[in-house]
Each structure stands twice: as structure tokens, then as C-alpha cells.
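This briefing guides a first reading of one protein model. Please look over the sequence and the structure before turning to the points below.

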Amino acid sequence: MNLSLYFKKFFSSNQASGIILIFCVLVSLLIANSSAGEGFQNFLDKEVGTSLFHLTYPVSIWINDGLMAVFFLLVGLEIKREMVEGELSSFKNASLPIFAAVGGMLVPAVIYTFFNAGTDYSSGWGIPMATDIAFSLAIISMLGKKIPNSIKIFLAALAIVDDLGAILVIAVFYTEQIHWTYLLLSFGTAALLFLLNFLKVTRLVFYIIPGLFLWYFLHHSGIHATIAGVLLAFSIPTNVSNVDISPLEKLEHKLHFPVSFLIMPIFALTNTNIAFTSEMVAGVTSTLGMGIICGLILGKLIGINLFSFIAIKLKLSSLPQNSTWPQMAGVGLLAGIGFTMSIFIALLSFKDDIPIQDEAKFAILIASFLAAVLGFVILSMSSKEDENVVEN
């Protein structure tokens, strides 16, 4: 096969972004545990930007709060499109990710508290509540067409609600100070964006510029700025017609390649930068480690599926189209990839104790790895079973 055709086929495949992301994770871990680790960390800690408007931040902040806002923008666009004309257009389908996310936050927090109530680790109850949306979507994308598209959309919607919940938990319980002036400016900017939608303004530039201000105001308010991407996405107009390409679909198309093959790999490369120590390994069997691992794996699996089952039995929701409960179990496990958001909450929970931070990081890494492998295997097996049923 011609080399250029091979690369074109690879980058157009569903699995490509996931494979590149996993490669970047391995490279990042190798760098962090080599002689280049210190230099790489110094690069991530280097402050860049301009003092004008107080926009000087470390490289890692620009990546996690800046580039990832673009990722959240893309996922938000996909969710809105599905709510208007796709899998989430009915209340029963749209409500399920919300119920699932609530269960996926409450049950892990309860499990963690069961292990750590009354200990020095008790403040870390928010750690297993989070889902790393970038990594969970990357893993499920590697399954390609083996699973129904409705399952991927369900996971994306669930992860967004989960991340919004995590951001709310951080804002209420882990943020030292909220800057209310900037928060009010954020509300005002968001209101302007939705007013533009109401007035049927279709030129994207009239949304992108206020969206940049929204990111700025949210970041300075003390709330995680990636939520700006979701708010901007939901304000951009779309339509139910398949004839005319909407502004939402135009922007979604433009963002797919840079997000999948630039932003997400950079995110993985910089956030898996974990140097292993002996103290980390020892912490896995402690109540801290067990609370995190059991919370992320069992808590997410049980919470998401239990609350989904209750919502469906009460006829408030319905299963994603063409999906099965084994596939829902696989999704529940993939949601246990807490990774960067969990690490972020761990740093806030134990900011004065570096050894505990290191123990928590390693436990999160172990739990996220197990959740990814188990979720991938279960989804693969359930897909094969579905194929056998169809063939018979």
C-alpha cells in the first residue's frame, strides 16, 4: 500500500486517536521516570503569556485549562447535536446520562468514605467521583463500529455531566475563594451567547469572541475554565434539517482533527507525567489506595448501572438504542478512568502533604488502568456476543 494512503486510512479510522493517546501516555511515563523527567517538568512549570490582563500561566495550565476547553467545546457540540436531532432527542434517552452520572458520583464517594472516614485521608472523598472524559472517550473510540453509536454518545453525555459535577464539587468544597465579580461577568457573557442564539445570529465569529471572554472570566473566577467550552457549544445554533449545514456542524467538523490528533495527545503527554516512587507503591494497600481503587472501579460500575436500572424501571429513562446491559457495564467501568480530574482533586485534597499526593496519584493510575482494560474487554466481548446472536 502507498505510504501516504496508509497514513490517510489510519488517521480517518475510529481507532487512530485512541492509539495515539495511549502511545503518548507510555511516552510520558517513560520521560517522567528517566533522566529527562526533571527537565520536562520544568518545561511544564515554565510560565508563559502576558502580564497584560493577568494572563501569565505555567504551560501545564494553558494545556489543561486552555486547550482542554476546546476539547470540551467539541464534545459539547456533539452532545447538543444529538439532543436536537439524534440519540438524545427524546427525554427518556437524554435523562439517562444524568441519572447515571449522579449514581456514578454518589456511590464512589460513599465507598471512599467507608474506607477513610475519621482518618487523615477523609478529605479526599471527591477523588473517585471524577471521570476523565478525554481518556474514556479515547478508549471507547478504539472499538470503532463494534458497539452502537448510542453507547458512545451515552458515555460522552455521562462524562460531561460527571465533569460538571466534579467542577461543582471543586468549586464548593475545594476552592478557597470564588471571585464573584468574574463569576457574574461569566453569567452575563453566557446570557449574551444564548441571546445571540435566540436572535438567530449564525456567524460563528459572533460566538467565538464572546466565548474567549467567557473562558477568561471563568478562569479568573476560580472555577475550572473548561466549562466555558460546554456553555459555548450549547449556545451555537443548529437545526433539525439534514439539508442545510448548521453553524454547529461547521464548527464541529473543523475541530475534529485538531482535537483528536493534536490537543488530546498533548493533554496525555503532559498529564501522565508521573514519576514513580517506593512510597507510591506502599500506598496502594492503604485505606487511601483502597478507597480510590474501589471507588473508581466498583463505585462507578455499581453507581452508574444501579441508578440507570432504577431510572429505566421507573420509566423515567430508556436504554440507549440497540444497547445491552453488558455494554452498560463496560461503560460503567470506562467511567472509572478518573485520571487527570481525579489527580487534580487529590492535589486539592492533600495540598500540604506531598507523600499522600504521590500515593493518591499512583492509586488513581492503577484504578484508571484497570478500569480502561476491564471496560474495553467487556465491551469487546459483549459486541462479539451480539454478532453471534445476529448470525444465529
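In which loop does K200 lie? K200 is found in the loop between α8 (180-198) and α9, where helices (H or I, at least four residues) and strands (E, at least two) are DSSP runs, numbered from the N terminus. The model is a predicted one, in which local features need pLDDT of at least 70 and side-chain atom pairs count only at pLDDT 80 or more, while totals for chains, interfaces and linings use all residues. Residues are numbered from 1 along each chain as its sequence is written, and side-chain values use heavy atoms, with hydrogens and water left out.

**Residues with positive phi**

- K200 is not a glycine, yet it has a positive phi of about 65 degrees.
- K200 counts as exposed because its relative accessibility is 69%; buried means under 20% relative accessible area, exposed over 50%, and partly exposed in between (1.4 Å probe, protein chains only).
- H54, also not a glycine, has a positive phi of about 55 degrees.
- H54 is placed in the loop between β1 and β2, and it counts as exposed because its relative accessibility is 57%.

**The hairpin**

- Strands β1 (residues 47-50) and β2 (residues 55-58) run antiparallel and are joined by four bridges; two strands pair if DSSP finds at least two bridges between them.
- G49 has T56 in β2 as its bridge partner.
- Four residues lie between the two strands of this hairpin, and F53 in the turn has a positive phi of about 65 degrees.

- Helix α2 (residues 16-32) has 17 residues and spans 24 Å from its first C-alpha to its last, close to the expected 24 Å at 1.5 Å a residue; the expected span is 1.5 Å times one less than the number of residues.
- The buried residues of α2 include I20, L21, C24, V25 and L29.
- S235 belongs to helix α10 (residues 227-235), and it counts as buried because its relative accessible area is 0%.
- Leaving aside neighbours within four places in sequence, S235 is in contact (heavy atoms within 4.5 Å) with K80, L193, F194, N197 and Y207.

**The largest pocket**

- The largest pocket has a volume of about 1,200 Å³.
- Grid points are joined across faces, edges and corners, and a volume is the space filled by probe spheres set on the points.
- Of the 46 residues lining the largest pocket, I61, N64, N271, F344 and L347 are the closest to its centre.
- Helices that each supply at least two residues of this lining include α4 (59-85), α11 (247-271) and α15 (339-349).
- The lining of the largest pocket divides into 20 nonpolar, 17 polar and nine charged residues; Ala, Val, Leu, Ile, Met, Phe, Trp, Tyr, Cys and Pro count as nonpolar, Asp, Glu, Lys and Arg as charged, and the others, Gly among them, as polar.

**The largest cavity**

- The count of cavities of 30 Å³ or more comes to one, and the largest cavity holds about 60 Å³ of space.
- Among the residues lining the largest cavity are E87, L88, F154, S318 and Q321.
- α5 (91-116) and α7 give two or more residues to this lining, and α5 gives the most, with three.

Terms used
1 Å grid on protein atoms, 1.4 Å probe; cavity = no way out; pocket = protein on both sides within 12 Å on 5 of 7 lines; lining within 4 Å.
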